[in-house]
Structures are given as structure tokens and as C-alpha cells.
Amino acid sequence: MNPIWINIAYLVASVLFIRGIKGLTHPRTAVRGNMESAIAMLLAVSVTVPQIVGNGLEIVIAGLVAGGLVGLFLSRWVEMTEMPQLVAVFNGFGGAASVLVGGVTLMGGSSSLVGVQELIAISASAVIGGITLLGSLVAFAKLQEIKGFKNPFALPGQRAINALMFIGAIVLAIKVVQNPADPMAFWALAGLASILGITLVMPIGGADMPVVVALLNSYSGLAAAATGFVLNNTVLIISGSLVGASGLILTNIMCKAMNRSLVNVLFGKIDASAAGATADEVYEGKIKSTSAAEVAMLLEDAERVCIVPGYGMAVAQAQHAVRDFFNLMEDRGATVEFAIHPVAGRMPGHMNVLLAEVDIPYDRLVEMDHINPSLETVDVAIVLGANDVVNPDARKQDSPIAGMPIIDVDKCRTVVVIKRSLSPGFAGIPNPLFALDNSLMFFGDGKKAIQDLVTEIKDL
């Protein structure tokens, strides 16, 4: 194919990638953005594959078919509640691909064929790709709550160990550039970076996983951009840079939503025992249980209802029942809105994805900053599986989550918290919201609770 047409195709694909990422910033345009990004990738691959000659072409085509079948299988098999885990695995695959491309390029060339720029890019792909690979797999294990990974774990002197490994990675990278004929330095570099990925993510708690997933996504993009320099592929450089930059921007947004710095997320942890009252002190004698029938009576004359979804909604797979409740209340003349916290769930936009799946209108998904000023006019707020993001202790200076922006649901006239128990959220601290005078606890599975509530409302 004429190089001019290849470059034009790459330019079109790059524009579509940019439009796709822009479209993904809003639920209303997300489907279009995803489609444009998919078309861009299809165009880039279609132009690139014919450039491969010899036996390698058959191998690439076989890989495309196998990958496509795996993707089709995952799209139908993986539940929406498991999307964060799938994203983590995809990030890991991206890191692995970068490492393998760098290694094969180095082993297939020589010092005379691989220039200094390529060698630096190969070293970068080994470091970033290695960290992304095993770091993402650890993130997957944490999100999946696999035994041994759920709780944060750090060795004594973990930060010093990480610093030494990072210095060792720099030394090995220099060796790769100085002596490209020796592939052992490259594989040692990739192995050390992979171990560093484990030690960086293992100490991080589950509450910070949305930030970690966004950061690892950025790493995978940077690894892809480095691979683009290795292969001298323009569209890979552009698309990798876009993913890397957008991932960093999203990471920054998530950190602001938690009122924590990235350094604090990566190297610190929430200490639930640092301050604050115990669960017995917060809850004893103050919890008021309720039932579906009582909540239905509260909702009978409600004009404005607010639902605050959290990870508990995802675990219970209650989004379909929530849609039925939404439609029923709207038909009865009430206005129902969803208050969305940026870090609710296990990945950025988790709640938006679940609610969009069941066709909740986009304009009813209201961001935290926009809905907080008017929550005092809400008749009934239903907290469905959320915990730390509605904890009023975040307003106290001595709280472990002090300063974290929250949804001010405690200011609503009546709050109904649907939860299995009084167990704490990821921060590991009690939530005084549950014991407030205007709060009622509706204990039970989120899906069944909403279904029972729908039944009771229909019987009014």
C-alpha cells in the first residue's frame, strides 16, 4: 500500500480516537464515542496488517481471530458488575503486549539495526509494561476479592524496597541501551518491573481501587506509546498518548473526588483506628429498622426522591429492580433522580454504566456537585449499597476520611439506607448517617428490598 494512503488512514483513525474519547466523557454520547473508537481501531489494524509479509501474516490473522472470539465471549459472559475486573485485565494485557513487542524487536535486531531512540523506547516499554502487567493482575485479584489479596499488604520497609527496585530498573535500562546485543538485561528489566508492579499495588486498599484502575489504564497507554516508537508506528504513538493522558486526567479527577493526593493513594492508607468513635458508640440504641411497607407509605406522597447508588447495588445486581422502581414512582408523579459520586463502585463511572444498562434517562443521573445544593428539598433519599461516599464524618477534621467530598444525603428530609448489615465500607469506619434521627435502616439484599418496595407501592 502507498505510504501516503497509510498515513492518511492513520490520520483519520487518530481523529476518530480523539472524537471517541471526547464522546466517552458523557453518558449521552458514550455509545457513539465507543463506536467511533472501535471504527478507528478497525481502520488502523486493517491498514497495518497488509504490511506484514511472509509467514507472519498468517500468525497475525490467527491472533486477530482468536482475540476477536475471546472478546466476543467475554462481552457475553462477563457481568456488568465485573467490568472493573475486566478493565484491570485489559490493562494487564496491554502491558504484556508492550513488553513482548520490545523483547522481540530487541532479539530480532542488532546494535546496528536498533537506534538509541528505539532502545530507550524498548526500555520504557519494559518498565511501564512490566509494572502494568502484574500491577493490573493484582488489582484484578483485589477487585475479585480473592483470598490473600483483598486486604492491603506491605513488607517491612516496603517503600525503601520499592525505591531500590526502581534504581535497579534504571541501571538495567542503561545496560539495555549500552549493550542491546545482550537480551538478558531486557528480560531482567521486565521481570524486575513486574515485581515492582506487585509491590506497588499490594499495599493499596480496596477503597482506592478506582484510582488505581485509572492510573494503570494510563500506564497501559504510555506503554503502548513507547511501543509505537519501537515500531515507528504513528497511530500507535498517538492512541497510546491519548490513553495515557486521559488516564492521568481521570486519575486526578478521582483523587480530587476523594480529597487525597496521588502520592497518598499510592503510598498511604486510610487508618480506621486513627480517630473516631467505635461502631458500638455510634450505633447503640440509635438504629431504627424499617420495612418495605413503611417505606412505601413514606413514598406515597413524596414529590422528589433521590437514589444514591453504590457498589452494593452492583453486587446485588439490583439495577433492573431500580429501573422498575424509577418507572413506578415517575408514573405516580414523583421526580426521581440519581446522585452519582465520582468514586462510587469499583471503577470510574461504574454506577453510570449500570444505570445506563437499564435505560435510566441520562438527565436523571446528577453529579454530586450539582445535586448537593438542593438535597434539602428531597422528601425521601434511598441509599442503595453506598457507604463511605455518604458518611457525614468526612466533615470532621479528626476523621480518617476528613475532607473527602460526600453526597450530603443526611440533609434530606428522610433517608432510607438499604444495606445487609451495619458493616463498614472500604474505609473501615462506622457511618453515623445510619443513626441519625431522620434515617431508617432497611436491612436486606438490595435487589429483593427494591422488589419488595415496588410490590408494596403497587398495593397502596
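Which way does the crossing of α4 and α8 go, left-handed or right-handed? It's left-handed, meaning the near helix is turned anticlockwise from the far one by less than a right angle; clockwise would be right-handed.

Quick housekeeping. This is a predicted model, where local features need pLDDT of at least 70 and side-chain atom pairs count only at pLDDT 80 or more, while totals for chains, interfaces and linings use all residues. Residues are numbered from 1 along each chain as its sequence is written, and side-chain values use heavy atoms, leaving out hydrogens and water.

Okay, back to our helices (DSSP runs of H or I, at least four residues, numbered from the N terminus). The axes of α4, residues 83-108, and α8, residues 209-231, come within 9 Å and cross at roughly 25 degrees. Those axes are lines fitted to C-alpha atoms over the stretch in contact, with angles from 0 to 180 degrees between N-to-C directions. So the two are roughly parallel, which is the word for angles under 35 degrees.

Now, salt bridges: a side-chain nitrogen of Lys or Arg within 4 Å of a carboxyl oxygen of Asp or Glu. By that rule we get twelve. Take E330 and R364, at 2.4 Å, N to O. E330 sits in helix α14 and R364 in the loop between α15 and β3, so the pair ties together parts 34 residues apart in sequence.

Another one is D379 with R413, closest N and O atoms 2.5 Å apart. Here D379 is buried at 16% relative accessible area, but R413, at 48%, is partly exposed. Buried means under 20%, exposed over 50%, partly exposed in between, using a 1.4 Å probe and protein chains only.

Technical notes:
Angles under 35 degrees count as roughly parallel, over 145 as roughly antiparallel, 65 to 115 as roughly perpendicular and the rest as oblique.
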